[in-house]
Amino acid sequence: MFWTWNAVIHVILLQAALAFYVLVWPVLRETMVWTSRRLSRFATDDSEQETAQTHRERPYRGKWRDTQYQRAERADRTQWQEHKKRRNASSHGVGPEKAKHLRVLGLSEPVHLLDIKSAYRQLAKDFHPDKFASDHHSDKKRAAAAARMREVNTAYDWLRSNA
């Protein structure tokens, strides 16, 4: 009898704790935040008020605008322009290695990882060694399918790690 009451008491305590966490704690937390905001008005120094005042007077440009102004104020504009050219060239051009692997999978740029995966699965179905295991396929056909499957696996592994 003692053990059943012990379990019941535990369940009741857990339900009470959950009800407190869900119902009471958010209200209590909001009240504490509201109170701390009201009290912080009386606890500030004159220097803190001055910095807050100057911060309010300065127009907010946003992070994107700040970076634009920083770029414009750079002393060496040519270095930034060279960096932009290199970044654009590397992002838009497809290297010969990537193009070769995309051709193996029958894809072209732009390509998404899901496209790579679906093309790999389709080719794996077509050239899997188990598909050519029966006797009515010649040894030459089996060897060609195995070689093609190796190419597909290599291309998929490379694209998955470098795309």
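1. Which percentage of the contacts in the protein with a separation of 6 or more comes from residues 24 or more positions apart? The share is 49%. Please keep in mind throughout that this is a predicted model.

2. On the overall make-up, the protein contains seven helices and zero strands. Following the sequence, the pattern reads α-α-α-α-α-α-α.

3. Turning to burial and surface, 12% of the 163 residues in the protein are buried. The accessible surface of the protein is about 13,900 Å², and carbon and sulfur atoms hold 59% of that surface.

4. Let us look at the pair H6 and H7. Helix H6 spans residues 113-127 and helix H7 spans residues 139-162; their axes come within 10 Å and cross at roughly 165°. Because angles over 145 degrees count as roughly antiparallel, H6 is roughly antiparallel to H7. The crossing in which H6 passes H7 is left-handed.

5. Next, the residues that make this contact. From H6 come Leu113, Ile116, Lys117, Tyr120, Leu123, Ala124 and Phe127; from H7 come Ala145, Arg148, Met149, Val152, Asn153, Tyr156 and Leu159. Sorted by class, the contact of H6 with H7 has 11 nonpolar residues, one polar residue and two charged residues.

6. A word on Lys117, which lies in helix H6 and is among the H6 residues that meet H7.

7. The crossing of H5 and H7 is left-handed.

8. In this second contact, H5 brings Glu97, Lys98, His101, Leu102, Val104 and Leu105. On the H7 side are Arg148, Glu151, Val152, Thr154, Ala155, Tyr156, Trp158 and Leu159. The contact of H5 with H7 divides into eight nonpolar, two polar and four charged residues. Arg148, Val152, Tyr156 and Leu159 of H7 meet residues of H5 and also meet residues of H6.

9. Where is Pro110 placed? Pro110 sits in the loop between H5 and H6. The peptide bond leading from Glu109 to Pro110 is cis, with omega near 0°.

Notes
Residues numbered from 1 in each chain as written. Predicted model: local features only at pLDDT ≥ 70, side-chain atom pairs only at ≥ 80, totals over all residues. Heavy atoms only, no water. Axes fitted to C-alpha atoms, helices over the stretch in contact; angles between N-to-C directions. Helix = DSSP H or I, 4+ residues; strand = E, 2+ residues; numbered from the N terminus. Parallel < 35°, antiparallel > 145°, perpendicular 65-115°, else oblique. Left-handed = near helix turned anticlockwise from the far one by under 90°. Contact = heavy atoms within 4.5 Å. Nonpolar A, V, L, I, M, F, W, Y, C, P; charged D, E, K, R; others polar. Buried < 20%, exposed > 50% of the residue type's maximum accessible area, 1.4 Å probe, protein only. Areas by Shrake-Rupley, 256 points an atom, 1.4 Å probe, with all protein chains shown as cover.
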